[in-house]
Amino acid sequence: MEEQQKRRSSKREELIKAGIKEINRHGISGFSIRRVAAACNVSCAAPAKHFGDKNGFLASIIEYVNELWGEEQRSIAEANKGSLRRQIVEISVAYIKFLVEHPHFRSILMLKDDKFDNTYKNRGGLSSLTRQLVDEYCRSVNMDEETKTRKLYIVRSLIYGAALMFDNKEMEYNEHMLQIARENIDREFDLP
């Protein structure tokens, strides 16, 4: 029974990964469960067995990406326990890496599709820990609400801007450039 569960879980993950590639190629509106099934060499009924319908499949993809990033964030937060500012900086740099190194995931996170957005508002959950940490840090040093809002805006802009510039080859993606991003995010909390 346990072996069967492992195979089912493995096939489910394979379908999710193929679904991510499908979204990257064809968008949400062109998403085809039939093509995903063909890519995984399974029948068209297999995705329905795992996810129900197309909406269930898309929700599972979002949950999968959220889980992967959530695990990473928790690990970084634990490694930097005791320093909210260090947690913010390291999670922000890791988010840049996550966006650059997982372009298929990024396509889901950055996708603009009104029908999809109205149904699956969960995508914003990927940055909720960063938002929470910035809020906690700003409160701990008595920053007013306007300053906190500005800090969050700048940190998020640095994350998404760096990921986009790396992806577009405007900047070389390497440890030196990630260190520059790290220093700028950290420095933001020294500014008024």
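Trainee: What makes you place Ile-185 in helix α10?

Mentor: Ile-185 falls in residues 175-188, the run called α10. Helices here are DSSP runs of H or I with at least four residues, strands are runs of E with at least two, and both are numbered from the N terminus. This is a predicted model, where local features need pLDDT of at least 70, side-chain atom pairs count only at pLDDT 80 or more, and totals for chains, interfaces and linings use all residues. Residues are numbered from 1 along each chain as its sequence is written, and side-chain values use heavy atoms, with hydrogens and water left out.

Trainee: Why is Ile-185 called buried?

Mentor: Its relative accessibility is 0%, so Ile-185 counts as buried. The cut-offs are under 20% relative accessible area for buried, over 50% for exposed, and partly exposed in between, with a 1.4 Å probe and protein chains only.

Trainee: Which residues does Ile-185 contact, leaving aside neighbours within four places in sequence?

Mentor: Val-89, Ser-92, Val-93, Val-155 and Leu-158, where contact means heavy atoms within 4.5 Å. Take Val-93: Ile-185 is 92 residues from Val-93 in sequence, yet the C-alpha atoms are 8.6 Å apart.

Trainee: What makes a group of residues a nonpolar core?

Mentor: The members must be buried Ala, Val, Leu, Ile, Met, Phe, Trp, Tyr or Cys residues, joined through side-chain atoms within 4.5 Å. The largest such core here has 44 residues, and Phe-31, Ile-91 and Phe-166 are among those with the most contacts inside it. Two or more residues come from each of α1 (2-26), α4 (54-79), α5 (84-101), α8 (128-140), α9 (145-167) and α10. α5 gives the most, with 10 residues.

Trainee: How do you know that α5 is mostly covered?

Mentor: Of its 18 residues, 14 are buried. As for its length, α5 reaches 25 Å from first C-alpha to last, close to the 26 Å expected; the expected span is 1.5 Å times one less than the number of residues.

Trainee: Where is confidence lowest, and where is it highest?

Mentor: Helix α7 (residues 114-119) is lowest, at a mean of 60, and α10 is highest, at 97. That score is pLDDT, the predictor's confidence in each residue, from 0 to 100. The chain averages 87, and 84% of the residues score at least 70. Where pLDDT is low, the predicted coordinates should not be read in detail.

Trainee: Why do Cys-40 and Cys-44 get separate labels?

Mentor: Cys-40 has 4% relative accessibility, so it counts as buried. Cys-44 has 37%, so Cys-44 counts as partly exposed. The structure holds zero disulfides, a disulfide being a pair of cysteine sulfur atoms within 2.5 Å.

Trainee: Why is Asn-41 called exposed?

Mentor: Its relative accessibility is 71%, so Asn-41 counts as exposed. Asn-41 sits in the loop between α2 (33-39) and α3 (45-51), and its phi is near 55°, a positive value in a residue other than glycine. Most residues other than glycine have a negative phi.

Trainee: And what is the phi of Lys-169?

Mentor: It is near 65°, a positive value in a residue other than glycine. Lys-169 lies in the loop between α9 and α10, and Lys-169 is called exposed because its relative accessible area is 69%.

Trainee: How many helices and strands does the chain have?

Mentor: It has 10 helices and zero strands.
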